[in-house]
Structures are given as C-alpha cells and as structure tokens.
Amino acid sequence: MPKYWLLKTEPTVYSFADLVREGRTVWDGVENNVALKHMRDMRSGDEALIYHTGDERQAVGLAQVVSDPYPDPKQNDPSLIVVDVVPVRSLARPVTLAAIKADPFFADFALVRQGRLSVVPVTAAQWERLLAMAELAGS
C-alpha cells in the first residue's frame with residue numbers, strides 16, 4: 001500500500017509548474033529532523049500533494065515518489081536525504097490552508113498541528129478528503 005505525503009515548497013523557489021516542466025526532480029533541501037524522518041519512510045510509489053507555502057498556502061498538485069530515499073548527492077552529510085518525484089496532475093481546485101483549518105476533520109492533521117514541517121504524512125482518510133476538496137475524489 002502506498003503512503004501519502006504533503007510536500008511543501010516556496011513557489012518562488014520551486015513551484016509545481018517547475019516540476020511539470022522538468023518532468024522529474026530530486027526533492028531536496030529538507031533539514032528538519034522530523035521532516036527527514038518522514039522522508040526516510042517514503043518509498044517509490046508513494047503519492048504526494050505539492051503544497052505552495054508563502055502567500056499561496058495551498059495544495060496545488062499531485063505527484064508520485066519514484067525512488068526510495070537516498071543520501072543527498074549535493075551534501076556531504078549522509079543524514080540529509082532526498083527522493084525523486086514526478087508530477088501527476090494539477091488539482092482541479094487548489095485546497096487552501098484556510099479550508100483545511102476550517103474543517104474539524106483535519107484537527108489532528110500534521111499540517112495544522114506542526115505547520116512548519118516541510119514534509120507531512122497524510123493518512124488515507126485525510127488523503128481521500130483532500131482529493132474530494134480538490135474535486136478529484138476517487139483519483
């Protein structure tokens with residue numbers, strides 16, 4: 001069974017549109033120990049929502065993890081890991097942080113509880129609810 005994740009990015013640095021244009025990227029730059037722990041749990045085939053931070057604060061696209069975690073080749077620290085990610089599709093309707101926070105269903109969602117994390121696990125139930133909010137139910 002694939003796991004589900006929310007990956008945050010500042011769109012002025014790297015956006016979902018950049019991922020679509022490139023077709024594949026190394027998801028790097030994660031240094032927080034909790035976020036790195038989540039990345040170590042990722043496996044090829046897992047699914048991810050790409051979430052734009054900053055002024056946008058919304059999930060905008062679906063992606064797939066296409067590698068298991070491996071040491072960041074740009075760093076000289078084996079504890080810093082990366083995964084490879086490919087785009088799947090844009091969300092029909094972006095899901096804003098305000099909409100997520102307004103829904104009591106997400107009270108225990110790590111995005112709400114630990115807002116600074118750049119890699120957030122998503123339960124299967126949360127995933128289905130987020131896809132429904134994005135008008136992609138059953139995707």
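Student: How do the residues of the lining of the largest pocket divide into nonpolar, polar and charged?
Tutor: The lining holds 4 nonpolar, 4 polar and 2 charged residues. Here Ala, Val, Leu, Ile, Met, Phe, Trp, Tyr, Cys and Pro count as nonpolar, Asp, Glu, Lys and Arg as charged, and the others, Gly among them, as polar. Please note that this is a predicted model, in which local features need pLDDT of at least 70 and side-chain atom pairs pLDDT 80 or more, while totals for chains, interfaces and linings use all residues. Residues are numbered from 1 along each chain as its sequence is written, and side-chain values use heavy atoms, without hydrogens and water.

Student: Which residues line the largest pocket?
Tutor: They are K8, T9, Y14, T25, V26, W27, D28, G29, V30 and S118. On a 1 Å grid over the protein atoms alone, a pocket is an open set of points where a 1.4 Å probe fits, with protein on both sides within 12 Å along at least five of seven lines, and lining residues have an atom within 4 Å of a point.

Student: And which strands supply at least two residues each?
Tutor: Both β1 (4-9) and β2 (25-27) do. The largest share, 3 residues, comes from β2. Strands (E, at least two residues) and helices (H or I, at least four) are DSSP runs, numbered from the N terminus.

Student: Where do Y4 and W127 lie?
Tutor: Y4 belongs to strand β1 and W127 to helix α5 (residues 124-133), so their pair ties together parts that are 123 residues apart in sequence.

Student: Are Y4 and W127 buried or exposed?
Tutor: Y4 is buried at 13% relative accessibility, and W127 is buried at 1%. Buried means under 20% relative accessible area, exposed over 50%, and partly exposed in between (1.4 Å probe, protein chains only).

Student: What about F106 and F109?
Tutor: Their pair is tilted, at 5.6 Å centre to centre with 45 degrees between the planes. F106 has a relative accessible area of 1% and is buried; F109 is buried as well, at 0%. Together with F105, F106 and F109 form one aromatic cluster.

Student: Which residue lies over the face of F105?
Tutor: R129 does, at 4.3 Å from the ring centre. A charge sits over a ring if NZ of Lys or CZ of Arg is within 6 Å of the ring centre and within 35 degrees of the ring normal.

Student: Which residue has a positive phi although it is not a glycine?
Tutor: That is R57, with a phi of about 50 degrees. R57 is found in the loop between β3 (47-52) and β4 (58-65), and it is partly exposed at 49% relative accessibility.

Student: Lastly, what share of the chain is buried?
Tutor: Of its 139 residues, 45% count as buried. The C-alpha atoms fill a box of roughly 40 × 35 × 30 Å, taken along the principal axes.

Terms used. Phe/Tyr/Trp six-rings, centres within 6.5 Å; stacked < 30°, edge-to-face > 60°.
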